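Good morning, and thank you for joining this group meeting.

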Amino acid sequence: MVTLSVIVPMCNVRDYCRATLKSLALNARSDFEFIVVDDRSTDGTFEILRDMIPSVPGALLLRNSENKGISATRNVGLAAARGTYVTFLDGDDWFAPGYLAKLVDSITAAGVDFVRTGHVRVYGKKREVVRAPVSPRAVPLDPASFVLPVDASSMVDYPLVWAGVYDRERLLALDSLFFDQSLRTAEDRHWMWRLHLRTRTFAVTDLHGIFYRRDVAGSLTKIPDERQLDFIKCYEKVFQEVAVHERGYDLSFKVMRTLCAMIVVHLDRADTYDEFTRGLLMERSARALHNSPQDVLEETLRGMDARRVKKLRALWSDFGVAA
């Protein structure tokens with residue numbers, strides 16, 4: 001019996017993958033499996049993985065036939081998973097020794113569909129503990145209730161899928177296990193929203209045994225091209241998900257507030273994009289706002305600061321959408 005499957009996508013992380021694999025070995029247990037999926041790396045990562053995998057108990061190495069992106073690569077691992085529970089680790093991050101056993105104990109004890117954890121943010125030699133933005137600890141909670149508040153950080157604003165452990169069979173039954181492969185970025189946000197809208201119970205624990213590097217130059221979040229605009233598609237999909245939820249109208253204000261805030265973030269850094277991508281940002285953002293529930297949009301704007309409201313209304317004006 002496999003208790004836990006750990007899905008580890010890898011792509012061009014030659015400088016970090018050794019530490020990642022060593023941390024898996026230090027968490028190995030006879031009922032744990034580590035599914036490492038190389039997304040057709042070109043920098044020597046795969047060769048390192050191939051040489052090191054035999055030294056990691058319970059590890060399986062897979063390789064994509066072509067570069068497919070993070071969503072598809074995680075899905076390859078999820079399709080191969082056999083564990084009762086599943087968690088994730090990115091190829092440039094690592095676990096503290098013994099962390100995974102504590103993670104499994106947390107979800108077993110809580111008896112919930114998923115458990116969220118904190119993590120340690122890493123900037124070079126600097127370490128910063130980050131806690132999940134919910135106060136109750138180690139007690140069953142209603143996932144939909146923790147989508148809100150609208151104007152403050154909630155669990156859907158903490159969309160780090162590796163900061164948690166999930167009941168694999170439960171998520172599979174709810175059609176919530178696999179990632180949307182059309183999303184090249186913001187895939188974690190969509191996955192986490194869907195989880196909070198479809199599952200019954202979750203819990204939060206104070207475990208902080210995963211180390212998350214924030215200073216990786218090749219991170220997709222730092223690449224200024226069209227892929228960054230998938231956050232718009234993400235929230236269009238979230239709106240569709242919320243529309244069929246029994247509390248959908250109330251929750252739609254959170255979707256709108258987040259979409260508006262993220263549009264402004266991208267507008268503020270639009271000069272880092274090439275001309276083509278800037279044009280797409282303006283056009284797609286204006287269309288998304290125009291196609292959103294207008295009563296929800298207007299109420300959202302009334303609660304935002306003047307600077308952001310001005311930017312959003314200017315966007316409508318520039319692209320011929322009525323304010």
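This is a predicted model: local features need pLDDT of at least 70, side-chain atom pairs count only at pLDDT 80 or more; totals for chains, interfaces and linings use all residues.

Residues are numbered from 1 along each chain as its sequence is written, and side-chain values use heavy atoms, with hydrogens and water left out.

Let me start with strand 11, residues 210-213. Helices (H or I, at least four residues) and strands (E, at least two) are DSSP runs, numbered from the N terminus. Ile210 and Tyr212 point one way from strand 11, whereas Phe211 and Arg213 point the other way. In a regular strand, side chains alternate between the two faces of the sheet. Are these four residues of strand 11 buried or exposed? All are buried, where buried means under 20% relative accessible area, exposed over 50%, and partly exposed in between, with a 1.4 Å probe and protein chains only.

Which strands pair with strand 11? Two strands pair if DSSP finds at least two bridges between them. Strand 5, residues 94-95, is antiparallel to strand 11, with two bridges, and Phe95 stands opposite Ile210. Strand 7, residues 119-123, runs parallel to strand 11 and is joined to it by three bridges; here Val122 stands opposite Arg213.

I turn now to the cores. A nonpolar core is a set of buried Ala, Val, Leu, Ile, Met, Phe, Trp, Tyr and Cys residues joined through side-chain atoms within 4.5 Å. The largest has 64 residues, and Val6, Leu21, Leu24, Phe88, Leu100, Tyr166 and Trp191 have the most contacts inside it. Helix 4, residues 99-110, gives the most to this core, with six residues. Apart from this core lies another, of 39 residues, including Leu197, Val242, Met256 and Leu281.

Next come the charged pairs. The structure holds 25 salt bridges, each a side-chain nitrogen of Lys or Arg within 4 Å of a carboxyl oxygen of Asp or Glu. One of them joins the side chains of Arg74 and Asp90, at 3.2 Å from N to O. Arg74 belongs to helix 3, residues 70-80, and Asp90 to the loop between strand 4 (85-88) and strand 5, 16 residues apart. Arg74 is buried, at 1% relative accessibility, and Asp90 is buried as well, with a relative accessible area of 18%. Arg74 and Asp90 are also linked with Glu187 and Asp188 in a network of salt bridges.

A further salt bridge joins the side chains of Asp142 and Arg247, at 3.4 Å from N to O. Asp142 lies in the loop between strand 8 (126-130) and strand 9 (164-167) and Arg247 in the loop between helix 7 (230-243) and helix 8 (248-268), so the pair ties together parts 105 residues apart in sequence. Asp142 is partly exposed, at 34%, and Arg247 is partly exposed, at 29%.

Finally, I come to helix 9. Helix 9 covers residues 275-291. Which residues of helix 9 are buried? They are Thr277, Leu280, Leu281, Ser285, Ala286, Ala288 and Leu289. The buried residues of helix 9 pack against helix 7, helix 8, helix 10 and helix 11, a contact being heavy atoms within 4.5 Å.

Thank you for your attention.

Definitions and conventions: The expected span of a helix is 1.5 Å times one less than its number of residues.
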